[in-house]
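Hello,

Here is the structure I promised to pass on to you. Please have it open while you read, and my notes follow just below.

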Amino acid sequence: MALTLVMLGPPGAGKGTQAERFAREHGIPTVSTGDILREAVHSGSELGRAVKAVMERGELVGDDLIIGIVRERLSQPDAIAGFVLDGFPRTATQAGALDEITAARGPVICVEIQVPDEELVRRLRARRVCEDCGANADAFERQADSLPELCQNTDRCRSIGPKWVARSDDSEAIVRERLKIYRRDTRPVIDFYSARPTFRRIDGMQTPEQVREALGSAVASALGVRRQG
Ligand code: AMP
């Protein structure tokens, strides 16, 4: 049975980093809707032109559009054995669509990473991304030796090194707007999953390594529930 893992949590909770690590360790892809949209904006495609202004305001792009993108991505051969979703679903409508898309694959495992708002604002303001490959790093990681692991996705990154820039939607005002939108639109997604036996919560205030371990245990215990069910 394929592993469908949904990472939930506000912007800055560490979903992206943890999703990438988990996916790498399990040999399955991460599907980040934010990354897909940013790439489209970067390339200037029709999709990119359609979503650019909405993204710059920190608002959500339309459900039909994003559901179509995810449906298409999950039908690719590399997603057959499973995938980790980062940034999707963000509304109850998207969550309902995901159940339908994955109906033949078995239950959705959902893990919410919890972090208080003030810590999220602090983290997002300190975050930088590599302008070339989009790799994420916080202030601590940028000074650590883990840099080559973080940013080696393109020939340019490997040869010249990362060029760290702030994401345009990580300014304090936009971050607060994104958190407001998260509480308003994505809370119903947590309500959608939280009564299920495959839902887990983990504490995002721990070190990244501790969060990684908590995520592994959460998925293992949710899989145990699924096997018994
Ligand atoms: P993220 O990197 O996940 O914070 O996403 C960045 C931006 O992309 C969001 O602020 C939204 O404008 C858009 N976006 C990403 N995922 C979704 C989604 N599932 N539904 C609607 N908009 C999304």
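**What I found**

Let me begin with arginine 176, which is partly exposed because its relative accessibility is 35%; here buried means under 20% relative accessible area, exposed over 50% and partly exposed in between, with a 1.4 Å probe and protein chains only. Before going on, please note that this is a predicted model, in which local features need pLDDT of at least 70 and side-chain atom pairs count only at pLDDT 80 or more, while totals for chains, interfaces and linings use all residues. Residues are numbered from 1 along each chain as its sequence is written, and side-chain values use heavy atoms, with hydrogens and water left out.

**Salt bridges**

Arginine 176 pairs with glutamate 118 in a salt bridge, with 3.4 Å between the closest N and O atoms. Since arginine 176 sits in helix α10 (residues 172–194) and glutamate 118 in helix α6 (residues 117–126), this pair ties together parts that are 58 residues apart in sequence. Glutamate 118 counts as exposed, at 53% relative accessibility. By salt bridge I mean a side-chain nitrogen of Lys or Arg within 4 Å of a carboxyl oxygen of Asp or Glu. Helices (H or I, at least four residues) and strands (E, at least two) are DSSP runs, numbered from the N terminus.

Helix α10 also holds lysine 180 and glutamate 177, three residues apart and so separated by about one helical turn. These two form a salt bridge as well, their closest N and O atoms being 3.4 Å apart. Lysine 180 is exposed at 53% relative accessible area, whereas glutamate 177 is partly exposed at 26%. Salt bridges with shared partners also join Arg127, Arg167, Asp169, Asp170 and Arg178 into one network.

Elsewhere, arginine 73 and aspartate 78 meet through their side chains in a salt bridge of 2.8 Å, N to O. Aspartate 78 is partly exposed, with 42% relative accessibility. Over the whole structure, the search finds 23 salt bridges.

**The ligand**

How many residues surround the ligand? There are 15, and the closest are Thr33, Arg38, Glu59, Gly87 and Gln94; a residue counts as near if one of its heavy atoms lies within 4 Å. Helix α2 (residues 33–43) contributes the most to this shell, with four residues. By type, the shell has six nonpolar, four polar and five charged residues; Ala, Val, Leu, Ile, Met, Phe, Trp, Tyr, Cys and Pro count as nonpolar, Asp, Glu, Lys and Arg as charged, and the others, Gly among them, as polar.

Threonine 33 places a polar side-chain atom 2.8 Å from a nitrogen atom of the ligand. For valine 61, a polar backbone atom is 3.1 Å from a ligand nitrogen. Arginine 178 has a polar side-chain atom 3.4 Å from an oxygen atom of the ligand. Taken alone, the ligand exposes 480 Å², and the protein buries 95% of that (areas by the Shrake-Rupley method with a 1.4 Å probe).

**Aromatic residues**

The structure holds one aromatic pair, meaning rings of Phe, Tyr or Trp (its six-membered ring) with centres within 6.5 Å; planes under 30 degrees apart count as stacked, over 60 as edge-to-face and the rest as tilted. Phenylalanine 192 and tyrosine 193 make up this edge-to-face pair, at 5.1 Å centre to centre and 80° between the planes. Phenylalanine 192 is partly exposed at 28% relative accessibility, while tyrosine 193 is buried at 0%.

Best wishes

Key: A polar contact is a pair of N or O atoms within 3.5 Å; within protein, one must be able to donate a hydrogen and the other to accept it, and residues adjacent in sequence count only if both atoms are side-chain atoms.
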